[in-house]
Amino acid sequence: MRCMRKITDQQQRATVYLSKSNMDILNEELKKNFRTTIEELKGKAPTSKESYHVRVMEPPRKLKMKKIHYEYKIEENEFSGIMDFDLESIETDVYDARIYVKEGLANETVVKEANANYMVNRKVYSEITLIAEIARYFPTLRCTQISKLLRNSKDGMPFILLCVNEHNEVLDEVIIPKIFDALYTVTRKKVKEDIEVELLRKPKKGGCYELQGTEEMTIKMDSPDTVVRDNREKSFHADTYIFDSKPEKKLFLDLLKNKKVLEAYFTGMFTSDQTDFSVPYIDPESHRLRKYYPDFLVKLDDGSYLILEVKADYMTEDPTVEAKEAAAKDIATESKMEYRMLKASEIMKGKIEI
């Protein structure tokens, strides 16, 4: 929507055309930034949100955890064999550009599908330019060495050029990685560090955070609700909790009522520079380091801690969600905690046991 420009003083309707890849990107960004999907936008009535001033409660809640990072070491191999890129077995369909015509943004029905390779601007390599391109990734290799690897490979230079020019992606996803694997060995070492995590930091400016939410999804520390009133000493590192979903709100109230729970904090509403309670993970699509902020931190009567995440049932097998889960379990295990991902449907049915 940042690309749209105001064209009149009246609200206008527009048709937006997206490629399949951009459609997938939009859906993923909706999940990450707004916790919704294109499917969920169908018939979704706008909700009026209010501004809430959220104050940090004293004393600040702190927690000792393990910080994990990895150190990598690269060693050169003595390679004297023949490279086999196995290009004949590559399924090139995944690299084809396609056009998908749909009835609407929120409609999953595909009306028309067609190959669109003719619309893609591909770079055409010669033997010299291909070798020069590969050399950019291997500064310690001479161009003559790269040329020898390609010419003497089982695939042969002519076939390599044919495949790379037909689908440029083959160069980055097959040729270069296989050369790297043949010439180098990468070892990884896990490094653990003891740190103190502050669940919620005071704002840099002003005495509170201003956050948006609906009255239905908000619970304040001074709420007259019986469950909150009788158990408020168990929680509230902030004076106001704004939930994103009914399962999150129900889980919070269930945790307050649970006799095994000593403390229960809703942490999912705080991100970025507001909290230290985050989990670094590698995004499986962008391959970039990102931060994930779990929904709940719970302390039990035996002194152990639980990190809880609430997810819609259909999202539990999403690659990004699985990457977050794996990273969180790693840190939880090293910190002598337990991480659980809870399905929204099971929370609403009261099937969660702590």
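Me: What makes a stretch a helix here, and where is glutamate 248 found?
Reply: Helices are DSSP runs (H or I, at least four residues), numbered from the N terminus. Glutamate 248 is found in helix α7, residues 246-257. This is a predicted model: local features need pLDDT of at least 70, and side-chain atom pairs count only at pLDDT 80 or more. Residues are numbered from 1 along each chain.

Me: Why is glutamate 248 called buried?
Reply: Buried means under 20% relative accessible area, exposed over 50%, partly exposed in between (1.4 Å probe, protein chains only). Glutamate 248 has 3%, so it is buried.

Me: Why is isoleucine 99 called partly exposed?
Reply: Its relative accessible area is 33%, so isoleucine 99 is partly exposed. Isoleucine 99 sits in strand β3, residues 98-102; strands are DSSP runs of E, at least two residues.

Me: How do you know that the buried residues of α3 share a side?
Reply: Helix α3 (residues 143-151) buries Ile146, Ser147, Leu149 and Leu150. They cover an arc of only 160° around the axis, so they lie on the same side of α3. The arc is that of the directions from the helix axis to the C-beta atoms. The face turned away carries exposed Thr144, Lys148 and Arg151.

Conventions. Side-chain values use heavy atoms; hydrogens and water are left out.
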